[in-house]
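Hi,

Here is the model I promised to pass on. Have a look at it first, and my notes on what turned up follow below.

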Amino acid sequence: MRIHGRGPSGFDSPCERHSTLSVRHQEAKQAARAQFDRWASSYDRSWLRELIFYPAMRVCREEILRWQQRRGGGPYDLLDVGCATGRFLLSLLDSSDARQLVGLDYSAEMIRRFGEKIAALGDRRLRAVHGDAERLPFDAACFDVVTCCNSFHHYPHQAAVLREFHRVLRRGGVLVLVDGFRDNVIGWVLFDVAVGAAEKNVHHAAWSQVRQMCEAAGFAEIRQRKLNVLVPLLVTVAAK
Ligand SMILES: C[S@@+](CC[C@H](N)C(=O)[O-])C[C@H]1O[C@@H](n2cnc3c(N)ncnc32)[C@H](O)[C@@H]1O
């Protein structure tokens, strides 16, 4: 796997194209980056773990297992977009089929902390990449699995991100996308109203919108389901 634009920091710097991106779009992304840079030191102790982060990790593991069973097993290369401190990737280290486990995040602080964990573990399958979901710094067709949990609502150009996910996946690969489900009353109050007010500049797409964007990006065999009652999550699984 070749990573483009590796910066002197040792992490990969997202290349900003200010001329083509709207100011609002840039502001939303900078705000997200600042928010997560601030949160990074306490992120692994967050009270949201049991409510949102762990259920999303569990569902990703289940879907990877299901996909592995369908294709008859074998090694896989996985990219986790919006990986924060890399917890999900670390949870996959017990899988002997996991060949490369790459985490990408827009927050330099989150990626730095993930990098520290990698250095401490010394597991050569892990990589921490500082980058933007909208312009993944990887060649086409270099991953078998792309996961993205609780991060998609921060992307101002969600359709472009899905095109990137599709581009970096190999044929036969799978996308597992998990984010807030906002299509019932609980989800709407929680994600559209409460998270929207707290985080600003976020967009929890309706399930039908996510489906349409996946189709437009070229994905097939799209399956969607709602997970949990009190904190509902939308799980979208799609094949390339
Ligand atoms: C709520 S955290 C979720 C982290 C992890 N996936 C989990 O479920 O625990 C959202 C993450 O998305 C990252 N993020 C936000 N915008 C991004 C972008 N444009 N590209 C990549 N990552 C982004 C944030 O920095 C943050 O670490």
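Let's start with the ligand. By class, its shell is made up of 10 nonpolar, six polar and three charged residues (Ala, Val, Leu, Ile, Met, Phe, Trp, Tyr, Cys and Pro count as nonpolar, Asp, Glu, Lys and Arg as charged, and the others, Gly among them, as polar).

Before the rest, some housekeeping. This is a predicted model, where local features need pLDDT of at least 70, side-chain atom pairs count only at pLDDT 80 or more, and totals for chains, interfaces and linings use all residues. Residues are numbered from 1 along each chain as its sequence is written, and side-chain values use heavy atoms, with hydrogens and water left out.

Back to the ligand: 19 residues surround it, and the closest are Y43, G82, D105, C149 and S151 (a residue is near a molecule if one of its heavy atoms lies within 4 Å of it). Which residues have polar atoms facing the ligand's own nitrogen and oxygen atoms? An oxygen atom of the ligand is 2.5 Å from a side-chain N or O atom of D105. A ligand nitrogen is 2.8 Å from a polar backbone atom of G82, and a nitrogen atom of the ligand is 3.3 Å from a polar backbone atom of Y106. On its own the ligand has 600 Å² of accessible area, and the protein covers 96% of that (Shrake-Rupley method, 1.4 Å probe).

The space taken by the ligand is also the largest pocket. A pocket here is an open set of points on a 1 Å grid over the protein atoms alone, where a 1.4 Å probe fits and protein lies on both sides within 12 Å along at least five of seven lines. A molecule sits in one if more than half of its atoms lie within 2 Å of its grid points.

Now for some residues elsewhere in the chain. Helices (H or I, at least four residues) and strands (E, at least two) are DSSP runs, numbered from the N terminus. Buried means under 20% relative accessible area, exposed over 50%, and partly exposed in between (1.4 Å probe, protein chains only).

Q35 belongs to helix α1, residues 23-39, and counts as buried because its relative accessibility is 15%. Its side chain makes a polar contact of 2.8 Å with the side chain of E199 (a pair of N or O atoms within 3.5 Å; within protein, one must be able to donate a hydrogen and the other to accept it, and residues adjacent in sequence count only if both atoms are side-chain atoms).

- D77 is in strand β1, residues 76-81, with 2% relative accessibility; its C-alpha is 4.6 Å from that of Q100, 23 residues away in sequence.
- F191 is in helix α6 and has a relative accessible area of 5%; D179 is 12 residues away in sequence and 9.7 Å away, C-alpha to C-alpha.
- T236 is in strand β7, residues 233-239, at 0% relative accessible area; between T236 and K226 there are 9.0 Å from C-alpha to C-alpha, at 10 residues apart in sequence.

Finally, a couple of backbone angles to check. Most residues other than glycine have a negative phi. A141 has a positive phi of about 50°; it is in the loop between β3 (126-130) and β4 (143-149) and is partly exposed at 39%. N201 has a positive phi near 50°, lies in the loop between α6 (185-199) and α7 (207-217), and is partly exposed at 43%.

Cheers

Terms used
1 Å grid on protein atoms, 1.4 Å probe; cavity = no way out; pocket = protein on both sides within 12 Å on 5 of 7 lines; lining within 4 Å.
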